[in-house]
Amino acid sequence: MLLKPHHARCDDRSESSKKHKVAGEAEDWFSNALLNEYELSGVNFDFFVNWNNETLSNEFWVKRLVNEDEIKSTKPEFIQELIYSCDSEEFVKDLAQLAKGSLKYKLFRESTDWAKQTEEELPILTVDIDVSGAVRAVSRESLGTLKKEIQTLSGGPVRVSKGLNYSYSTLECYLSSTDSAWPGDVDLILLDNKKVPKAIIEFKKHTLWDKIEDHKFEKYYKETTSDRRKYNRLAILRDAIGKDIPLLVVYYPTREEFNYIIIEEALGTVNDLYAGRSWALDLPVDKKSQSNLIEKIIEIIHS
């Protein structure tokens, strides 16, 4: 059985990151069941930028956690069944098509003590997915091999300032204190019924008492190095898959005192992004308000 990672403290994995008690996480509002009603689907994944030339590297990764039972077999057909059960066949095939045959799943256990790994140990299962969404190869690899892959795809050593306090896995927590930090992700790419990318959406959690509108794109892009790098990464991804598609940021609260979200455009070129239009909507707490959000995004795409 495979599990999707959860966002939690690095030093206490039982402490999940904050979320709104009623609305939940932003990703909950974009289920493929609801998107399909609008002839859309969505994918998310981790991706690399070669920082030597600021270009998109040619691999997309998806991380999934293996439960504590032993995987009975590493035969491609068995692993494929596990992945489809976790993510759905539609998701895997959509992402494989977008990746153009360069999609890899990385499977590992959350309980692994990464600091004590040796080259003889092979705790990571790498699964190569072909352009049709089928598993074509399965192999085991060491932590050292994984770190070399990360550096190669990133154009050299890559570090996270001070390491991570929260992350989606113990592996990412560990790597954040090395020179082989796990790549960043894209929260959502919307695809139309022909599987053409229509929008890139970044979810930005607002945990403060201040108004959401006081903590939007330009504040963090100009003042915070990590956010600047994150948005530049997304702009590089945008340029690689379709320069004309909008890059949207959805700001959403964790505090129950807030009953709204804000959508904002990020316009411009890599290293020179700026905020465009913005829209305030009711907090999506049910299917109707979630549908209103999707309809607004569709309107933005076509405007």
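**Salt bridges in the predicted model**

Glu59, Lys104, Lys106, Glu141 and Glu149 are linked in a network of salt bridges. A salt bridge is a side-chain nitrogen of Lys or Arg within 4 Å of a carboxyl oxygen of Asp or Glu. The whole structure holds 24 salt bridges. The model is predicted, so local features need pLDDT of at least 70 and side-chain atom pairs count only at pLDDT 80 or more, while totals for chains, interfaces and linings use all residues. Residues are numbered from 1 along each chain as its sequence is written, and side-chain values use heavy atoms, with hydrogens and water left out.

Lys106 lies in strand 5 (residues 103–108) and Glu149 in helix 4 (residues 143–154), so the pair ties together parts that are 43 residues apart in sequence. Helices (H or I, at least four residues) and strands (E, at least two) are DSSP runs, numbered from the N terminus. Both Lys106 and Glu149 are buried. Buried means under 20% relative accessible area, exposed over 50%, and partly exposed in between (1.4 Å probe, protein chains only).

Glu25 and Lys205 also form a salt bridge, at 3.1 Å from N to O. Glu25 sits in the loop between strand 2 (8–9) and helix 1 (32–36) and Lys205 in strand 10 (residues 197–206), so this pair ties together parts 180 residues apart in sequence. Glu25 is buried at 16% relative accessibility. Lys205 is partly exposed at 26%.

Lys230 is partly exposed at 24% relative accessibility, whereas Asp227 is buried at 8%.
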